[in-house]
Amino acid sequence: MQEPEDGLRRRIVTAALSFSHRSENMGSLSRSRENADAAGQCGPSESELISFFELSPELFCIAGGDGYFKRVNPAFPQTLGYSVEELLAHPFIEFVHPDDQAATAWQLNKLVDGIPAIRFENRYRCDDGTYRWLSWMATPQKDGSRIYAVASDVTDRKRYEAELLAGEQRYRDLLAAVTSYTYSVELRDGGYLSTAHSMGCLGTTGYIPADFAADPYLWIRMVHPDDQELVRRHAAQAMAGDATDPIEHRILHRDGTTRWVRHKIITHRDADGRLVRRDGVVEDITERKAIEERFRLLIESAPDAMVVVDNSGSIVLVNAKAEALFGYTRDELLGQTVELLVPHALRSRHAADRERYTSNPKPRTMGMHPRLSGLRKDGSEFPAEIALSPIQTDSGALVYAAVRDLTERTQLEKALRDQMSQLLAAQRIQEHLLPVCPPPLRGYDVAGALYAAEFAAGDHFDFLPMPDHCVGVVVADVSGHGVGPAILMASTHAYLHLLAAGSADLEDILLQANRLVVSETDTDYFITVFLARLDPRNGTLAYASAGHPPGYVFDAQGEVRAILPSTSLPLGVIPEARFSGGNPIALRPGDIVLLCTDGLLEAASPSGESFGWNRASEVVAQNRSKSAANIIAAMHEALTAFSGAAKFGDDVTLVVIKVVRTD
C-alpha cells in the first residue's frame with residue numbers, strides 16, 4: 001500500500017536533516033522488488049551536489065547503529081587527516097578522546113533509540129595525534145539503523161573561550177595591584193591657596209610632592225596634549241560645584257612613557273556653601289587599559305559578533321562583526337540595553353531570562369539554548385545562536401555574548417530538505433516502474449537489471465505485453481535527474497504500456513508516445529528509447545531505436561552477428577518526428593541479445609579509460625553458457641573491477657535475452 005503523501009513528506013523532511021550529499025554504496029535495481037529497495041542515489045545537478053557537500057566546510061556523514069561511519073564527505077579527511085578508508089574501517093569511538101567516549105556512546109544509544117542529538121560536542125583525534133573539538137547535530141532513521149549527522153569544527157572557539165577565561169583571571173590580578181595617589185587643593189575666594197600630594201604620586205607620575213608644590217601648573221602640563229581639554233572641563237565642572245563622574249585620561253610620566261589614570265574629584269564647602277577644598281584620587285590604570293586593549297583585539301578577532309553587557313543589561317562593548325550583523329554603529333549601541341537587538345515580541349521575555357542568568361551566571365556554549373532571533377536596525381529578523389561567558393570585574397559583572405547568524409545554515413538546511421524530498425520522491429516513483437520479474441517465455445531466458453549511480457536512476461527497463469502473444473522489451477534513459485525526469489519517465493512508462501497493449505506496431509507506438517511526451521513538457525528533457533518486439537512463435541526480434549545506444553546480437557560462439565543501431569531522434573525533441581524500425585532479426589538457438597544504456601560503455605577506470613564495447617563483448621563471450629541473469633551479474637562484476645568502485649559515474653542498465661530454443 002502506498003504511503004500517503006503527507007506522511008511521506010514528513011518522513012522525507014525528517015530524514016533530510018543534517019544529511020550528507022550521498023548515501024552508502026548502492027546495489028542494483030533489478031527485476032525484483034527486493035533488489036529495487038537497494039537502489040542508490042541520484043542527486044540534483046552535479047554543481048549543486050558539489051556546492052552542498054563536496055565543498056562544504058561542515059563534516060557530513062552517515063553512520064550505522066553498529067558504531068561505524070558508512071559515508072563521510074571530504075571535510076572529514078581534510079579536518080582530521082585520515083583517509084576515507086581509515087575512517088570507515090574503524091569504529092568511530094576509537095577516534096574520540098578517552099574522556100569523551102562514555103558521553104559519545106550514550107549519545108549513540110539515544111540515536112539508535114530514535115532520539116536526535118542537537119549540538120553534542122566531543123573531541124576527535126587527528127592523524128598527527130592532536131585533537132579537534134566537533135559540535136554535532138544528528139538525526140536517526142526511524143529504526144535507528146542509519147544516523148545522518150553534520151559536525152562543525154569548533155576548536156578555535158574552544159581555544160578562544162579558554163583564552164578569555166585565562167585573561168579574566170589575569171585581569172582581576174592586575175586590577176588588584178593598581179597604584180594610586182591622592183592630592184588636596186586648598187581654595188580661598190575661588191582661587192588656589194596650596195596643593196598637597198601624597199607620596200604615591202612618585203610611582204604613578206614620576207614626580208615627588210615637592211615638584212607639584214614648586215610648579216602649580218604641573219598637574220595640567222603632565223596631561224597628554226590630546227586629553228588636556230577633557231581634564232580642564234572636569235576641573236571646571238568641579239569648581240562650579242557640579243557633581244562629577246570619574247574620568248580616564250593619559251599622562252606623560254617623568255620617564256617619557258605614557259600612562260593611563262582614573263581621576264576622581266571630591267569637593268568640600270564651608271557652612272556658607274563656599275568651595276574651600278578639592279580632593280582628588282588618581283589611580284594608575286595603565287595595565288588595566290592594556291588588558292582591555294588586548295580584550296578588545298581578542299573580541300575584534302572573534303569569528304562571531306561579540307556584544308558585552310553589564311549587570312543591568314547595558315551594552316558596554318561590541319566588535320566590528322556585531323556592527324555589521326545588526327546594522328548599528330558602535331556609538332549607537334554603547335549604553336543601550338541589549339533588548340534593542342531582540343525582536344519586539346520577545347523583549348519582555350528576554351529581559352526576564354537575562355535577570356535570571358545574571359543572578360547565577362554560567363558559561364553557555366553554542367547550542368545549549370534553543371535557537372533565538374536577532375533584530376537588525378532595519379527591522380529585519382534573523383535566526384541566531386548565542387554563547388555566553390560571564391566575567392567578574394571590580395566594577396561589576398560583565399557578560400560576553402557571541403552571536404552567530406544562522407541565516408545561511410537555515411537556508412542550507414531547507415535546501416537539503418527540499419533536495420532530499422525530491423530525491424526520495426524520485427526514488428519512490430522509480431521503484432514502482434521497474435518490473436517485478438521478467439515475463440515467462442518458453443524457449444527464452446530473459447533478465448534485466450539497473451545499477452544506479454546516485455539516489456534515483458535516470459535509466460529504465462521494462463517488459464510490455466503486446467498483441468498476438470508478443471512481448472515488448474524497453475530500455476530507456478531520460479536526460480536530467482530528480483523529480484521532473486522521474487515523473488516524465490513514469491508518464492512515458494504508462495504511455496508505452498497503454499499503446500503496446502493495443503498495437504504491435506513499434507513505429508506507431510513511438511510516434512504516439514513522442515506526441516504525448518512533447519505535449520506534456522516544455523522543458524529540455526528528452527528520452528532515448530530502445531523498443532523491441534519479441535515474437536516467440538517464430539523467433540523474430542523487431543526493433544525501433546529512438547536515439548538509444550545500439551543493441552547487439554551474439555551467436556552461440558560469442559561472436560557478434562548483428563548490431564541494432566539507432567533509427568531516429570529521441571522522444572521529446574520534435575513533435576512530428578517519425579520513428580522508423582530497424583531490420584528484424586531471426587533469432588537462433590544459443591543467440592544472446594544484449595541491450596544497455598550508455599553508462600555501460602562509458603564507465604571509466606581510475607585512469608580515465610572507458611570500459612568500451614570490446615570489454616563488454618568479451619564478458620558476454622566468456623559467460624555465454626550461463627543464464628541471462630548470470631551474464632548480467634558477470635558484466636556488473638567486470639565493470640566494478642574495472643572502475644575500482646561499486647558505484648559508477650552514470651546509471652548502468654542491462655537487459656539480456658538468451659535463446660534457449662525456438663521450437
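Predicted model: local features only at pLDDT ≥ 70, side-chain atom pairs only at ≥ 80, totals over all residues.
Visitor: Is Asp 304 buried or exposed?
Guide: Buried means under 20% relative accessible area. Asp 304 has 9%, so it's buried.

Visitor: Leaving aside neighbours within four places in sequence, which residues is Asp 304 in contact with?
Guide: We skip the neighbours within four places in sequence here. That leaves Asn 319, Lys 321, Met 366, Ala 402, Val 403 and Arg 404.

Visitor: Which residue forms a salt bridge with Asp 100, and how many residues apart in sequence are the parts the pair ties together?
Guide: The partner is Arg 123, with the closest N and O atoms 2.9 Å apart. Asp 100 lies in the loop between helix H5 and helix H6, while Arg 123 is in strand S4, so the pair ties together parts separated in sequence by 23 residues.

Visitor: And Asp 272, is that one buried or exposed?
Guide: Asp 272 has a salt bridge with Arg 274, at 3.3 Å between the closest N and O atoms. Exposed means over 50%. Asp 272 has 58% relative accessibility, so it counts as exposed.

Visitor: Which residue meets Glu 339 in a salt bridge?
Guide: The N to O distance is 3.1 Å. Glu 339 sits in the loop between helix H14 and helix H15, and its partner, 15 residues apart, is in helix H15. That partner is Arg 354.

Technical notes: Residues numbered from 1 in each chain as written. Heavy atoms only, no water. Buried < 20%, exposed > 50% of the residue type's maximum accessible area, 1.4 Å probe, protein only. Contact = heavy atoms within 4.5 Å. Salt bridge = Lys/Arg side-chain N within 4 Å of Asp/Glu carboxyl O. Helix = DSSP H or I, 4+ residues; strand = E, 2+ residues; numbered from the N terminus.
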